[in-house]
Amino acid sequence: MHYDAVVIGSGPAGSVTARYAAESGAKVLIIERRAEVGVPVLCGEGISQKVDHYKVLEGTRWIATKMQGARIFSPNGTMVTLAAEYAGNETGYVVYRDIFDQELARGAVKKGAELMLNTRAVGLLKKNGKITGISAQQFDETIDIEADVVVGADGVESRVGRWAGIKTTLKPYDLETCVQYTLANIDWDSPYCDFFLGKHVAPGGYVWVFPKGKDVANVGIGILASLSEAGKAKQYLDKFIAAQPALKKGEPLRILTGADPVAEPIQSVTDNILLVGDAARQVDPITGGGLMHAIEAGRYAGETIRKAVEKQQFDTELLSEYETRWKKAFGKKLHRNYVVKEIMLDMEDKTLDMLADSLKDYKFEEFSTISIIKALVTKHPSLLVKLTPLMKLARA
Amino acid sequence: MAKRKAVVKKEKCLACGGCISVCPQDAILMIFSKADVDDKLCNSCSICVKTCPIGAITWEGASHAL
Ligand SMILES: Cc1cc2nc3c(=O)[nH]c(=O)nc-3n(C[C@H](O)[C@H](O)[C@H](O)COP(=O)(O)OP(=O)(O)OC[C@H]3O[C@@H](n4cnc5c(N)ncnc54)[C@H](O)[C@@H]3O)c2cc1C
Ligand code: SF4
Ligand code: SF4
């Protein structure tokens with residue numbers, strides 16, 4: 001079995017990479033260890049409407065609700081509302097991630113990619129030190145799959161990078177550990193995705209409520225692993241729900257645990273290897289949103305594979321084009337937001353309340369970091385000191 | 001005395017992979033949708049135990065001292 005590229009993982013990163021590579025005629029195989037693409041869902045399921053520009057999803061079956069924007073609640077309950085166009089990569093649609101992932105995979109297969117389920121990559125194949133493919137466990141058999149490019153689209157716990165010598169282990173400081181219920185029979189009919197902040201709500205993270213129709217919503221929590229103790233995320237979430245009259249009578253249709261990397265981007269290319277999506281830590285360190293970046297980077301990865309196949313060149317030199325492109329598109333933003341994450345982690349609840357109070361009437365029309373900081377500082381001059389590092393960033 | 005090793009309660013694990021992504025020893029793998037600790041590699045650092053959002057990782061043989 002020889003392929004131009006073998007893609008490990010059928011999440012958004014893997015399917016979109018495979019789609020763009022296969023479209024150009026490359027021989028591509030996706031392998032997935034699960035028995036069904038997209039199942040179980042491990043996601044809050046919020047995504048920006050920017051996803052429409054990519055035209056990688058047909059129809060509307062994957063959409064649960066269309067959102068008007070986001071509301072952020074500071075520790076004392078002060079609310080800041082953001083219209084959809086300013087609310088970042090995680091609000092726009094709330095989707096059914098299982099259907100979403102299956103539609104993306106269907107798109108890849110339609111372009112000619114092959115897909116194997118129940119197939120888990122277990123190691124790299126090497127000949128004279130050169131990577132020549134992967135070894136995989138398929139049902140109860142071990143199979144060898146030869147390929148010129150191995151794509152690690154294997155999510156947060158990525159092995160492919162480690163096998164190729166890239167350091168992917170996350171510091172607990174760089175991981176949000178999550179629990180989410182999909183609650184039914186709640187009184188939560190809102191066109192907004194809601195975010196709740198505060199040390200007593202979610203240390204180093206937030207609680208989210210993403211509506212999926214009139215009386216159903218994803219209610220989840222992420223807390224920073226370095227501030228976590230065994231089972232703490234679930235305890236905090238249960239406490240939050242119990243204190244919300246509109247949520248507490250809800251019954252869960254689903255419970256999931258999740259791990260969301262909030263790290264600095266890492267090296268994503270080496271000879272014969274590309275890392276895409278969560279495997280490359282392409283997640284927004286503030287929001288934990290990774291779907292849009294996985295899709296965008298998947299496209300660059302697929303296009304780079306196409307070039308590599310045309311030239312029959314699979315070394316770091318050629319494949320680096322992929323890394324250059326995604327870092328140019330959103331690498332700077334990831335770095336900046338990582339610094340903002342660190343600043344926010346140092347903030348007391350009181351400071352967050354002041355921030356929210358300054359922004360609650362702010363019209364997010366002139367949306368630049370500087371104009372927001374001006375609004376903040378006019379109302380609460382003492383914020384100035386705390387925000388100095390942010391101002392430096394905004395000017396950089 | 002042998003150091004205690006982390007163990008995953010298989011009936012509790014929901015397979016998010018969080019523990020795997022932070023284990024500094026690379027001692028955890030996902031096998032058939034359950035995290036699984038290789039006790040030969042585990043150095044008892046407790047990072048995975050603290051990370052698991054539902055407390056599915058505990059210490060082997062609770063009587064073992066650290
Ligand atoms: C609780 C939670 C909520 C989130 N909410 C949002 C949100 O609202 N909006 C947003 O944009 N992002 C959100 N994210 C982040 C988002 O889920 C990820 O960024 C996204 O799933 C990344 O896609 P991916 O394709 O890189 O990886 P994944 O979707 O994780 O796909 C990886 C695939 O690889 C497979 N795989 C892994 N190892 C192997 C192997 N050895 N062999 C074969 N197959 C393998 C897995 O089974 C899986 O199917 C959330 C994350 C969590 C944990
Ligand atoms: S962190 Fe907990 S739920 Fe997630 S894979 Fe590890 S043991 Fe399972
Ligand atoms: S205790 Fe530390 S070394 Fe052992 S499995 Fe957990 S994270 Fe890995």
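**Ligand surroundings and overall form of the predicted model**

An oxygen atom of ligand 1 is placed 3.0 Å from a polar backbone atom of A:Leu291, a polar contact being a pair of N or O atoms within 3.5 Å; within protein, one must be able to donate a hydrogen and the other to accept it, and residues adjacent in sequence count only if both atoms are side-chain atoms. The protein covers 93% of the 1000 Å² of accessible area that ligand 1 has on its own, with areas from the Shrake-Rupley method and a 1.4 Å probe, only the protein chains shown counting as cover for residues. The model is predicted: local features need pLDDT of at least 70, side-chain atom pairs count only at pLDDT 80 or more, and totals for chains, interfaces and linings use all residues. Residues are numbered from 1 along each chain as its sequence is written, chains are lettered from A and ligands numbered from 1 in the order in which they are written, and side-chain values use heavy atoms, with hydrogens and water left out.

Two further contacts involve oxygen atoms of ligand 1. An N or O atom in the side chain of A:Glu32 lies 2.6 Å from an oxygen atom of the ligand, and a polar backbone atom of A:Pro12 lies 3.2 Å from an oxygen atom of ligand 1. Around ligand 1 there are 33 residues, of which A:Ala13, A:Glu32, A:Gly44, A:Gly46 and A:Asp278 come nearest; a residue is near if one of its heavy atoms lies within 4 Å. By class, the shell holds 13 nonpolar, eleven polar and nine charged residues, where Ala, Val, Leu, Ile, Met, Phe, Trp, Tyr, Cys and Pro count as nonpolar, Asp, Glu, Lys and Arg as charged, and the others, Gly among them, as polar. Ligand 1 lies between domain 1 (2–63 + 93–170 + 264–337) and domain 2 (172–261) of chain A, because both give residues to its shell; the bounds come from an automatic or database domain assignment.

The other two ligands have shells without charged residues. Ligand 2 lies between chains A and B, with A:Thr257 among its surrounding residues together with, for instance, B:Cys13, B:Cys16, B:Cys19 and B:Cys52. Its shell has ten nonpolar, two polar and no charged residues. Ligand 3 is surrounded by residues including B:Cys23, B:Cys42, B:Cys45 and B:Cys48, and its shell divides into eight nonpolar, four polar and no charged residues.

Chain A contains ten helices and 18 strands, taken as DSSP runs (helices H or I, at least four residues; strands E, at least two) numbered from the N terminus. The C-alpha trace of chain A spans about 65 × 50 × 40 Å along its principal axes. Buried residues account for 58% of its 396 residues, buried meaning under 20% relative accessible area, exposed over 50% and partly exposed in between (1.4 Å probe, protein chains only).

Helix α8 (residues 349–359) of chain A is largely enclosed by the rest of the structure, because nine of its eleven residues are buried; among them are A:Leu352, A:Met354 and A:Leu359. A:Val16, found in helix α1 of chain A, counts as buried at 1% relative accessibility. In strand β9 of chain A, A:Lys126 is exposed, with a relative accessible area of 53%. The C-alpha atoms of A:Lys126 and A:Glu146 are 9.7 Å apart in space, the residues being 20 apart in sequence.
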